[in-house]
Amino acid sequence: MSSSVPPESLSAQPPPETKAPHLAPASTAAAGLAAVAKTATYGLFGVGPVKGAKLLLEVNQKDGFDCQSCAWPSPDGERHTFEFCENGAKAVADEATPKRIDRAFFEKHSVADLRAREDYWLNRQGRLAEPMVLRPGATHYAPISWREAFALIADELRALPSPNAAAFYTSGRTSNEAAFLYQLFARQFGTNNLPDCSNMCHESSGAALGESIGLGKGTVKLDDFLEAGAIFIVGQNPGTNHPRMLSTLEEAKARGVVIVSVNPMPEVGTERFKNPQHFMNPLKALPTLLGKGTKMADLWLQPRINGDLALFKGLMKEMLAAEDAAPGTVFDHDFIREHTQGYDALVADLRATTWEATVEDSGVPREQIAAAAWVAIRSKGTICCWAMGLTQQPNSVATIQTVTNFLLLRGSIGRPGAGVCPVRGHSNVQGDRTMGIFEKMPDSWLDALDAEFGFKSPRPHGFDTVQAIKAMHAGAVKVFVAMGGNFLSATPDTEFTGAALRKCTLTAHVSTKLNRSHLVTGRTALILPCLGRSERDAQQGGEQFVTVEDSMGIINPSRGKLTPASPHLLSEPAVVARLARAVLGARSTVDWEGLAGNYALIRDHIARVVPGFEDFNRKINAGIFYLPNGPRDHREWKTPSGKASFIVAPIPQRSFAAGEFVMMTIRTHDQFNTTIYGLDDRYRGVYGGRRVVFVNEEDIKSFGFQQGQIVDLTNRFGGVERVAKHFMVAPYRIPRGCVATYFPEANVLVPLDSVAAKSNTPTSKFVIVTISASLDAEAALAARRAEARE
């Protein structure tokens, strides 16, 4: 068996920790005073009390800037004075830090030294202040002018044998304006190689919903949560990943909405919530402080990892039995007849599916399935929300389509208080796709782009993220340019991905903070520092603003308020425009300089290319606006049949060898995506570290492990041995045979070739691992402590 484990000095993984984490009681309610304290620590004291307070008052306000973290929408009308959450405050403070990384920092620290540092340490060093280059054979980054940096990239790109030997990656933080310019540049250069972070998260949602309802986006608005009868939260941890959602759920609860949580792990955010806004209300402050918090989920279903498809089949089987007992009282036959196709095949499949298989594969007792089904039957309208817990499984697309079937049976799409709600994780990941960041945009979209700019864009599909990594590893892609993000830490199979990046002739990253992707590089590497979203963007045409699209298809303006962290920073649109001019020269007739100087001109182009953005500038200058949504607004289904489709899928058949576990990766409460803000996860009772594996107590006993024991995790998919070392065993209420670990530390175990059918999304929520005692843990910890002292 081959191994993907390199010498530690060349490892692409985060280094082992200097000390093991420790366990202590977890929070019993989400948010509360602890969230207020954390917000003060990060948002006020970390930035400065006056500056921090002013900045936080601008977050998610209509004349302020959009939060850099999650994509949960803000209210259409009046907004709270404090329209942010604890993790939003962390994101804002992280960007507004007074610390700076300049040439003196890189003179002091070699790349090898930085690679040996933990991600938490790297992020704490501050904002990148000037362009830097790592030349072939160099041990340290050195300063480079913007002109030289763009010329270097241009030389590398023009030397390629084909435009398809380059890949242009996009992070979900990138604004609509920057994303539109970026895809235009890539396509004028001649490639559709536009991998993005959506390939690793909600690609499965888009693929599933596109086939089922003709639109790869959600179909609800915030007001629908208050009009629903039931809300199912599936494979999602809103308390950490979308904390502002808890306020919406609390308001829904007050109106009598029933909430069902579906998750292999208990999450405090779906158990109890202490709304920090209540501390501003004299009538609510003391009860909130002294009470247990609002009870959120009325019912928690705990499927085993990847048991969701079987569970939702069980829900529909129970609903079918109730419909058989009282025909016409459960299913919405008028809706089914007028708006759907495939109903008979679905019913036949449900009748053929046994309860034994349903219960066994889901891991949920039949009586609990029945209880949840009756919640839906009694509901006047049902919303299903989900996140990575559904989208990163081998059968993710089929699972999401099964959830959609569940809603279609009762006509719960296209009316108030009902619909699908894939909750996006990053603030503009949905908007980037709308702007054309996709390796296989429809020909009709590309035709409009071509007509607007007078060129012929390439039609062959490009590489998504997984394909781009393989192409780099094979030598087919030689230049990798990333617009934001932390590609190495966000992607699967860390050592393989690291080796792929090292085979490039050039890797270039547009970034605000130092991260691990800057340390595992091609032959030449560039760090191109850009403005953050909270910073003023002054261009030739005056002060500019950008726009983003949230999870519900709302377009919001975002106006930075802070003085930029350095005079050497460029905005993302300016980076793209100057790069495009350097690479394309007179070959492009686009007025790149004019677009970089006045973003309203970019929006004029968008208005003529992207459906739903007609009259863009007038709309956004008047405030927020919604993009058209056929299924939600008109029960219009852009599918081949012109109807919503019931799509049938079998229950997955899984078998495991003795000693194998199914692992899923998760976040701590002190991180956002790959950014590590701290080393605690108070919602799960983990403090002072991140290398933890959560294991069922009975499994700990039966396999002879002990709480606090240091173990190694191994995956052997495809005959390759992948090892993540030195994880501490932590008992947790997780189904037997299942374990959970934090990413990016455990990403090394996620095989690049293990992907979801149809979406090609890495299966970070379904990784087969074995666990063994770590034989070198104490020696490694001692060595790391000695290094830290030095």
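Residues 24 or more positions apart account for 79% of the contacts in the protein with a separation of 6 or more, a contact being heavy atoms within 4.5 Å. This is a predicted model, in which local features need pLDDT of at least 70 and side-chain atom pairs count only at pLDDT 80 or more, while totals for chains, interfaces and linings use all residues. Residues are numbered from 1 along each chain as its sequence is written, and side-chain values use heavy atoms, with hydrogens and water left out.

The protein has 32 helices and 34 strands; these are DSSP runs numbered from the N terminus, helices being H or I of at least four residues and strands E of at least two. The radius of gyration is 25 Å, close to the 28 Å that the globule rule gives for 790 residues, so the protein is as compact as a globular protein of that length. That radius is taken over C-alpha atoms, and the rule is 2.2 Å times the number of residues to the power 0.38. Along the principal axes, the C-alpha atoms fill a box of roughly 75 × 65 × 60 Å. Of the 790 residues, 64% count as buried (under 20% relative accessible area; exposed is over 50%, partly exposed in between, with a 1.4 Å probe and protein chains only).

Strand β6 (residues 132–134) runs antiparallel to β7 and is joined to it by two bridges, with Val-133 opposite Ala-142 in β7. Axes are lines fitted to C-alpha atoms, for helices over the stretch in contact, and angles run from 0 to 180 degrees between N-to-C directions.

The other sheet has three strands, in the order β22-β23-β24, with antiparallel pairing. Here β22 (546–549) and β24 (625–626) are the edge strands. Four bridges link β22 to β23 (residues 554–558), and Val-546 stands opposite Ser-558 in β23. Helix α8 (residues 176–189) lies across β22 and β23, at about 90° to β22.

A nonpolar core is a set of buried Ala, Val, Leu, Ile, Met, Phe, Trp, Tyr and Cys residues joined through side-chain atoms within 4.5 Å. The largest has 67 residues, of which Leu-157, Phe-168, Phe-180, Phe-185 and Leu-526 touch the most other members. Not counting residues up to four places away in sequence, Phe-185 touches residues including Leu-157, Phe-168, Val-576 and Trp-592. A second, separate core of 48 residues includes Tyr-343, Val-375, Leu-409 and Phe-646.

Most residues other than glycine have a negative phi, and most peptide bonds are trans.

| Residue and phi | Loop | Relative accessible area |
|---|---|---|
| Asp-615, phi near 60° | Asp-615, between α28 (599–609) and α29 (616–622) | Asp-615, 41%, partly exposed |
| Lys-758, phi about 80° | Lys-758, between β33 and β34 | Lys-758, 56%, exposed |

A cis peptide bond joins Phe-743 and Pro-744, with omega about 10°. Pro-744 lies in the loop between β33 (738–742) and β34 (767–773).

Key:
Two strands pair if DSSP finds at least two bridges between them.
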